[in-house]
Amino acid sequence: MNDIIIIAGIAIAAAGAAILLKQYKPEYAFGISVAAGVLLIFFIVTKAEEVIRELGVFAESSGIDSENYGIVLRCLGVCLITNAAAETCRDCGQNSIASKVTVAGKALILIIALPLFSELMDVIKAILEIK
């Protein structure tokens, strides 16, 4: 519960400062928004480290290939970073850049996940040969 209070406090303070500075120095408002976003992502990553470690233990005990687990985690990271970057671009009024960041993130996820698709096709082929 304390973590969400910290996150909300950082976000509200940064938003208030950005709104105040936007009138006088818009470039500083952008800097505050980016700095707050980076700070929040860093905060979440440090908190998520323990969860990721526990998921790794779960994956090992369930027999999931560690390579597949890593692929899924990388895809999740790309999703989160892409979303944060696109929202920052939208906040700056750059919707075109935001949509291109989103497309690039989706393409990168597809590239990262290709080994999973290959493995899935092997499983489908094995099932079809059984019948």
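Q: What makes α3 and α4 roughly antiparallel in this predicted model?
A: Start with the geometry: the axes of α3 and α4 come within 8 Å and cross at roughly 175°. Angles over 145 degrees count as roughly antiparallel, and therefore α3 and α4 are roughly antiparallel to each other.

Q: Which kinds of residue make up the contact of α3 with α4?
A: That contact divides into 17 nonpolar, 5 polar and 3 charged residues.

Q: What makes α1 roughly antiparallel to α2?
A: Helix α1 (residues 2-22) and helix α2 (residues 26-62) pack with their axes 7 Å apart, at an angle of about 170°. Since the cut-off for roughly antiparallel is over 145 degrees, α1 is roughly antiparallel to α2. The contact of α1 with α2 holds 17 nonpolar, 1 polar and 3 charged residues.

Q: Which residues of α1 meet which residues of α2?
A: On the α1 side, the residues include Ile6, Ile7, Ile10, Ala14 and Leu21. On the α2 side they include Tyr28, Ile32, Leu39, Leu40 and Phe43. Charged residues take part too, among them Asp3 and Lys22 from α1 and Lys47 from α2.

Q: How do you know which pattern the protein follows along its sequence?
A: Its secondary structure comes to 4 helices and 0 strands. Read along the sequence, that gives the pattern α-α-α-α.

Q: What makes Ile71, Cys75, Val78, Ile112 and Ala113 a nonpolar core?
A: A nonpolar core needs buried residues of the nonpolar kinds, joined through side-chain atoms within 4.5 Å. These 5 residues make up the largest such core in the protein. The elements giving two or more residues to this core are α3 (66-91) and α4 (95-130), and α3 gives the most, with 3 residues.

Q: Which residues is Ala113 in contact with, leaving aside its neighbours within four places in sequence?
A: Ala113 is in contact with Ile71 and Cys75, and both of these are members of the core as well.

Q: Why is Ile81 called exposed?
A: Ile81 is found in helix α3. Its relative accessibility is 55%, and exposed means over 50%, so Ile81 counts as exposed.

Q: How far apart are the C-alpha atoms of Ile81 and Phe117?
A: They are separated by 23 Å, with the two residues 36 apart along the chain.

Q: How do you know how the protein's radius of gyration stands against that of a compact globule?
A: A compact globule of 131 residues would have a radius of gyration near 14 Å, but the protein has 20 Å. Along its principal axes, the C-alpha trace spans about 70 × 35 × 15 Å.

Q: What share of the protein's residues is buried?
A: Buried residues make up 16% of the 131, with buried meaning under 20% relative accessible area.

Q: What share of the contacts with a separation of 6 or more comes from residues 24 or more positions apart?
A: Such residues account for 52% of those contacts.

Note on methods
Residues are numbered from 1 along each chain as its sequence is written. This is a predicted model: local features need pLDDT of at least 70, side-chain atom pairs count only at pLDDT 80 or more; totals for chains, interfaces and linings use all residues. Side-chain values use heavy atoms; hydrogens and water are left out. Buried means under 20% relative accessible area, exposed over 50%, partly exposed in between (1.4 Å probe, protein chains only). Contact means heavy atoms within 4.5 Å. Axes are lines fitted to C-alpha atoms, for helices over the stretch in contact, and angles run from 0 to 180 degrees between N-to-C directions. Angles under 35 degrees count as roughly parallel, over 145 as roughly antiparallel, 65 to 115 as roughly perpendicular and the rest as oblique. The radius of gyration is taken over C-alpha atoms; the globule rule is 2.2 Å times the number of residues to the power 0.38.
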